[in-house]
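Please keep the sequence and the structure in view while reading.

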Amino acid sequence: MNSIVETAAPAAGKISTATLIKKNVHEYGMLISLAAIMAFFEYMTDGTLMQPLNITNLLLQNSYIVIMALAMLLVIVAGHIDLSVGSVAGFIGGLAAVLMVDFHWHYVPATLVCLLAGALIGGIQGYFVAFHRIPSFIVTLGGMLVFRGAALALLKGQSVGPFPREFQLLSSGFIPDPFGSDGLRITSLLLGGVVALVLFTMSLRERANKLHYGAVAEPLGFLIGKNVAFAAAIVYFSYLLASYKGLPNVLVIMFVLMMAFDFITNRTTIGRRIYALGGNEKAARLSGIKTDRLSFYTFVNMGVLAALAGLVFAARLNTATPKAGVGFELDVIAACFIGGASATGGVGKVMGAVIGAFVMGVMNNGMSILGIGIDWQQIIKGVVLVAAVFVDVYNKNK
């Protein structure tokens, strides 16, 4: 227990209360903003926003944006951009429909082929960007046009569906409840509690490691208070979902991906190298990092997750349409920038991109409930995006 609870660690640095508050406000600014936006729309919609049914729909509507935002973050951190992700997602959804509906493939091999196709698409675009030094804006703009046309040709301008029931569960299914409760999905509520407990324990262990190595650590009371608030929020949202149909399958996929990408970016060599690449490519190359290969991998990863997002979107609609994925790239890129990613590369966090995606999602959902027209929705979203980038540039200049 002494390794977790604060002990007399003379080597550990002290941190003032003002510095502590400023650091946490900066780090959790977007999370605080998301909470404020949700509170605003909860009040304006007379409680409709936080209804269990609406929260479930909010997760399903934004799942594919979150999935692509995770990969887009790495592309942006590496100093690139990918404008083709919406078209790739639409094309992969069409490919899945052709394989499963027209050729009657089983959904498992069809899904694997689609993910491999996404990796191939990302690899082709990454090859030109990384090894031939063609600006990613140009390459992926071309990819956006190519795969939009390819989706039209593949589907012959028509919608194809419906998908097999098992494939639809990718997006429309929920975690089964062995306890068989009709009113409250106990399994989903327990899973939320377990996740909250695990995250709380990990935070305490991280602080213990900082104290062990003499690094500056937050006061124990402040850390416990902050994490109790996070845990309470997780349990509350788990309760809301459990009171409807439980945790959606796609939420589990998103959570696994978030944890994996957070681990990669914070605790692996390849993650640190991607940040080094975006921060200063020349210095990274001189230090021995194979920057071209690293850029290539970020685009392969982007292609795979764009394909996964396309499958999730197709499963949710239960059909593939030639117009699927239109505008997705704008929401994905906006999510990363709103979440704190820098337009110049080298800066950005996984949780920031996820929060940015839900900021956009909550705004879309809340404005739709209030009956605000699509014209004003686009204007407001554009203003929010420009404001987020302005704050980033302003803080850099300071």
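The structure holds two cavities of 30 Å³ or more. Here a cavity is a set of points, on a 1 Å grid over the protein atoms alone, where a 1.4 Å probe fits but cannot get out, and lining residues have an atom within 4 Å of a point. Grid points are joined across faces, edges and corners, and a volume is the space filled by probe spheres set on the points. The model is predicted: local features need pLDDT of at least 70, side-chain atom pairs count only at pLDDT 80 or more, and totals for chains, interfaces and linings use all residues. Residues are numbered from 1 along each chain as its sequence is written, and side-chain values use heavy atoms, with hydrogens and water left out.

The largest cavity has a volume of about 40 Å³, and its lining includes A89, G93, G310, F313 and A324. Two elements, α4 (85-102) and α13 (291-317), each give two or more residues to this lining; helices are DSSP runs (H or I, at least four residues), numbered from the N terminus. By class, the lining of the largest cavity has six nonpolar, six polar and no charged residues. In this division Ala, Val, Leu, Ile, Met, Phe, Trp, Tyr, Cys and Pro count as nonpolar, Asp, Glu, Lys and Arg as charged, and the others, Gly among them, as polar.

The second largest cavity contains about 30 Å³ of space. Among the residues that line it are D82, V88, I121, Q125 and M302. Here α4, α5 and α13 are the elements that give two or more residues. The lining of this second cavity divides into five nonpolar, four polar and one charged.

A pocket, by contrast, is an open set of points with protein on both sides within 12 Å along at least five of seven lines. The second largest pocket has a volume of about 570 Å³. Of its 24 lining residues, G327, D331, N364, Q378 and K381 lie nearest its centre. Eleven of the lining residues are nonpolar, ten polar and three charged.

Two of the residues nearest the pocket centre, K381 and D331, also form a salt bridge, with their closest N and O atoms 3.6 Å apart. Because K381 lies in helix α16 and D331 in helix α14, the pair ties together parts that are 50 residues apart in sequence. A salt bridge is a side-chain nitrogen of Lys or Arg within 4 Å of a carboxyl oxygen of Asp or Glu. Both K381 and D331 are buried, where buried means under 20% relative accessible area, exposed over 50%, and partly exposed in between (1.4 Å probe, protein chains only).

In total there are three salt bridges. R133, E281 and R285 are linked in a network. R133 pairs with E281, the closest N and O atoms being 2.6 Å apart. R133 lies in the loop between α5 and α6 and E281 in helix α12 (residues 281-286), so this pair ties together parts 148 residues apart in sequence. E281 also pairs with R285, at 3.8 Å between the closest N and O atoms; both lie in helix α12, four residues apart, about one turn of the helix. R133 is partly exposed at 48% relative accessibility, as is E281 at 28%.

Finally, F128 has its place in helix α5 and is partly exposed, with a relative accessible area of 36%.
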